[in-house]
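Keep the viewer open while you read.

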Amino acid sequence: MEPVNSDVAAEPEEAPDAAESPAAATLGQLMLAVEELWPESLAEAWDEVGLVAGHPSAEVTRVMFAVDPTLEVIDEAVEWGAELLITHHPLLLKGVTSVAANTPKGRAVHRLIESGTALLTVHTNGDSAVGGVSDVLADALGLQNVSPLTPAADGLPEEGIGRVGDLSESMTLGDFAARVFGILPSVAGGVRVSGDKDGLVQRVAVCGGAGDSLFDEVRASNADLYVTADLRHHPASEAREAAVNGRPYLIDVSHFASEWLWLPAAAEALGNVLTDQGLDVEIRVSTTNSDPWDFILTPG
């Protein structure tokens, strides 16, 4: 900053307009903003989403997004000073009878409460909503005219699990697999492909996270290719057996990587809603790679 010339009388500064200054946010206000973007009504019946730890009246100045509420992720959020951690995956999906700190999940709960860090999960509601996990994946892969594989029972026509759409031009399976590999975070498992490397694909179905329960919907969509994560041996083998002219081809990716793509988009969407509401919150995406695999051995 340049020094002020003492020979020139300084103009008095105008007091900031308090009405226009961004206001501090509460956790309750953050919860309303999250509900606006990813309504809990879109969550699958078996899912557990929403607030896990935290008091709605607590002030929130920093929010971190992550895929998994692991201890490493929670430590990252605490060290940065986040009062709210929003994760895609639930911490307590199954019923528990104890959160004692002699278990990993118990330690996670204690770390959150003792540090004053709230935890909120956006899982299948974040998959289903417009701009959700599969929408972001479809957009990153260049799909057009996108629609859900399974429309939401109580949502808009464009809401639901998975997406299917078309490429502007057909590509070989090998080239498209390279595109998939190029957009995802680097993880040990890489990208696995089933199908003719030189076969052409144009209609593509995607599902961020584990999607091997959607093969019937993928076949009904007439997709040339299905991109998802966690493809198990038997469902993948049966899909190959049922393929017509080799289709749908399959691309199996990391569960973590397929869902990580949503985090920057989700952070931006939440930031826009909060800005529109005049709330001042800093938002960051976790840099922790919570993919469980460290390295892989392959032939050759």
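What follows covers the sheets, the pockets and a few local details.

First, the ground rules. This is a predicted model, so to speak of its local features a pLDDT of at least 70 is needed, side-chain atom pairs count only at pLDDT 80 or more, and totals for chains, interfaces and linings use all residues. Residues are numbered from 1 along each chain as its sequence is written, and side-chain values use heavy atoms, with hydrogens and water left out.

**The six-stranded sheet**

Let's start with the open sheet of 6 strands, which runs β7-β8-β10-β11-β12-β9 with mixed pairing. Strands (E, at least two residues) and helices (H or I, at least four) are DSSP runs numbered from the N terminus, and two strands pair if DSSP finds at least two bridges between them. At the edges you'll find β7 (144-151) and β9 (192-194), each pairing on one side only. On average, neighbouring strands here are turned by 25° against each other, direction ignored. For angles, axes are lines fitted to C-alpha atoms (for helices, over the stretch in contact), and values run from 0 to 180 degrees between N-to-C directions.

Inside this sheet, β8 (residues 160-172) and β10 (residues 200-210) run antiparallel and are joined by 6 bridges. Arg163 sits opposite Val206 in β10. Helix α5 (residues 133-140) packs on the sheet and touches β7, β8 and β10, its direction making about 145° with that of β10; contact here means heavy atoms within 4.5 Å.

**The five-stranded sheet**

Another open sheet has 5 strands in the order β2-β6-β5-β4-β13, again with mixed pairing. Its edges are β2 (50-53) and β13 (282-285), each with a single partner strand, so one side of each has no neighbour in the sheet. Neighbouring strands of this sheet are turned by 25° against each other on average, direction ignored.

β4 (residues 62-66) runs parallel to β13, with 4 bridges joining them, and Phe65 has Val285 in β13 as its bridge partner. Helix α2 (residues 71-80) lies across β4, β5 (84-87) and β13, at about 160° to β4.

Phe65 turns up again in one of the 4 aromatic pairs found in a search of the whole structure. Its ring and that of Trp262 have centres 6.2 Å apart and planes at 80°, so the pair is edge-to-face. The pair links distant parts of the chain, with Phe65 in strand β4 and Trp262 in helix α10 (residues 262-276), 197 residues apart. Rings of Phe, Tyr and Trp (its six-membered ring) pair if their centres lie within 6.5 Å; planes under 30 degrees apart count as stacked, over 60 as edge-to-face and the rest as tilted.

| Pocket | Volume | Lining by class |
|---|---|---|
| Largest pocket | About 530 Å³ | 10 nonpolar, 7 polar, 5 charged residues |
| Second largest pocket | About 350 Å³ | 5 nonpolar, 8 polar, 4 charged residues |

A pocket is an open set of points on a 1 Å grid over the protein atoms alone, where a 1.4 Å probe fits, with protein on both sides within 12 Å along at least five of seven lines; lining residues have an atom within 4 Å of a point. Grid points are joined across faces, edges and corners, and a volume is the space filled by probe spheres set on the points. Ala, Val, Leu, Ile, Met, Phe, Trp, Tyr, Cys and Pro count as nonpolar, Asp, Glu, Lys and Arg as charged, and the others, Gly among them, as polar.

Which residues lie nearest the centre of the largest pocket? They are Asp230, His255, Asp291, Pro292 and Trp293, out of 22 lining residues. In the second largest pocket, β10 gives the most to the lining, with 4 residues.

Asp230 has a phi near 60°, a positive value in a residue other than glycine, and lies in the loop between β11 (225-229) and α8.
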